[in-house]
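Subject: Structure for you to look at

Hi,

Here is the structure I promised to send over. Have a look at it first, and then read on for what I found.

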Amino acid sequence: MTRTRFGETTLGKTIMTCADFQERLPELFETHADLSADEHLKTCENCAALVRDLEYIAQQAKLLLPIHDPSPGVWENIRTAIRNEQGSKGGPLKPPVPPAAGR
Amino acid sequence: MSAGPTESKPATHQHLRRNPPILGEAEAIAAAQAGDEKAFETLYALHKRRVYSLCLRMLGNVAAAEDLTQDAFLQLYRKIGTFRGDSAFSTWLHRLAVNVVLMHLRKKGLPQISLEEALEPSQDDGPRKDFGGRDLQLSGSIDRVTLERAIDDLPPGYRLVFVLHDVEGYEHNEIAEMLSCSIGNSKSQLHKARMKLRDLLRTGQRKETAV
């Protein structure tokens, strides 16, 4: 494994360090760049493992769809609160509309 | 940060994929704006799960999450007249719910770190670099419960951005608007959150293998 914490120069060619690569990583993820072709990853198992893990975490997170509902009592409380608000104003159920609002 | 949602720029195509139009939603919104209680109940039925899920993930407590879900929908009732349809209704409602959660966290003094601290970029607070640790690989090893638990252990600021982006599928520009922070800040927080999650998950794995 090539561990390149500090910049190295070989025959005039600058090698990207792990620090450089990881600095760029958020932007690389954001642009959905194809990281399999990245030169640094071809030679650095550590950064390759990091990328695999972060991609895996993001993939798994997408599967965490909401599966729980609030209990039925929540809607009952909301309805009661709305009716109380309206009752204190002495009118029918009607959301307050600010003067400047509207479609 | 603002206390309530404001209209945003038009939704992107990416956004529409994550928040497809819901059949009957537009009619329910219009009717609820006119004061129809049944229509408001329909909106509640359509969106309660996502709002509750966000509250539950941010608070980790069923009773508190239900209280905030109630607060969020009461806010919706008070503000629905200001919704003009410039952005997806679910995004607009989510922004409102996020604000309810943020206000609650502020009142509680944020148990782990302050949200402002978490959301403010700091020059020496960049994502920790990883130059070692070749012993474990996460791929294929995390189940839902483990990941949910690790997300619960994230600091609130990281957790919020991670949930909004990676779980709920919001774009950075939408998150920036919801949290009144910059897009760069949202990106930075997301990266820190993922790095922190990796740490938490690897630490958990090490403990398991040590037993």
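Let's begin with how chain B is divided up. How do the two meet? In chain B, 13 residues of domain 1 are in contact with 13 residues of domain 2. On the domain 1 side of that contact, α1 (13–18), α3 (37–59) and α5 (89–108) of chain B each put in at least two residues. The largest share belongs to α5(B), with six residues. Sorted by class, this side of domain 1 of chain B has five nonpolar, four polar and four charged residues.

Before you zoom in, keep in mind that this is a predicted model. For the complex, the predictor gives an ipTM of 0.73 and a pTM of 0.75.

**How confident is the predictor?**

In chain B the mean pLDDT is 80, and 73% of the residues reach 70 or more. Which elements of chain B mark the two ends of the scale? The lowest mean, 43, goes to α1(B), and the highest, 96, goes to helix α4 (residues 62–79) of chain B. Where pLDDT is low, the predicted coordinates should not be read in detail.

Chain A averages a pLDDT of 78, and 71% of its residues score at least 70. Its lowest confidence is in strand β1 (residues 8–10) of chain A, with a mean of 49, and its highest is in helix α3 (residues 45–62) of chain A, at 90. The pLDDT is also below 50 over residues 1–7 of chain A, a stretch that has 19 contacts in the model beyond near neighbours in sequence.

**Helix pairs in chain B**

From α3(B), the residues His47(B), Val51(B), Leu54(B), Cys55(B) and Met58(B) meet Ser90(B), Leu93(B), His94(B), Ala97(B) and Val101(B) in α5(B). By class, this contact has seven nonpolar, three polar and no charged residues.

*α5(B) and α9(B).* Here α5(B) packs with helix α9 (residues 172–179) of chain B at an angle of about 40°, and the axes are 9 Å apart. These two helices are therefore oblique to each other. The crossing of α5(B) and α9(B) is right-handed. Which residues make the contact? Thr91(B), Arg95(B) and Val98(B) come from α5(B), while Glu174(B), Glu177(B), Met178(B) and Leu179(B) come from α9(B). The classes here are three nonpolar, one polar and three charged residues.

*α2(B) and α3(B).* Helix α2 (residues 25–33) of chain B packs with α3(B) at an angle of about 135°, with the axes 8 Å apart. That angle makes α2(B) oblique to α3(B). Is the crossing of α2(B) and α3(B) left-handed or right-handed? It is left-handed. On the α2(B) side you will find Glu25(B), Ala28(B), Ile29(B), Ala31(B) and Ala32(B), and on the α3(B) side Ala39(B), Phe40(B), Thr42(B), Leu43(B) and Leu46(B). This contact has eight nonpolar, one polar and one charged residues.

Happy clicking, and write back with any questions!

Cheers

Key:
Residues are numbered from 1 along each chain as its sequence is written. Chains are lettered from A and ligands numbered from 1 in the order in which they are written. This is a predicted model: local features need pLDDT of at least 70, side-chain atom pairs count only at pLDDT 80 or more; totals for chains, interfaces and linings use all residues. Two residues are in contact if their C-beta atoms, placed from the backbone, lie within 7 Å. Helices (H or I, at least four residues) and strands (E, at least two) are DSSP runs, numbered from the N terminus. Ala, Val, Leu, Ile, Met, Phe, Trp, Tyr, Cys and Pro count as nonpolar, Asp, Glu, Lys and Arg as charged, and the others, Gly among them, as polar. pLDDT is the predictor's confidence in each residue, from 0 to 100. Axes are lines fitted to C-alpha atoms, for helices over the stretch in contact, and angles run from 0 to 180 degrees between N-to-C directions. Angles under 35 degrees count as roughly parallel, over 145 as roughly antiparallel, 65 to 115 as roughly perpendicular and the rest as oblique. A crossing is left-handed if the near helix is turned anticlockwise from the far one by less than a right angle, and right-handed if clockwise.
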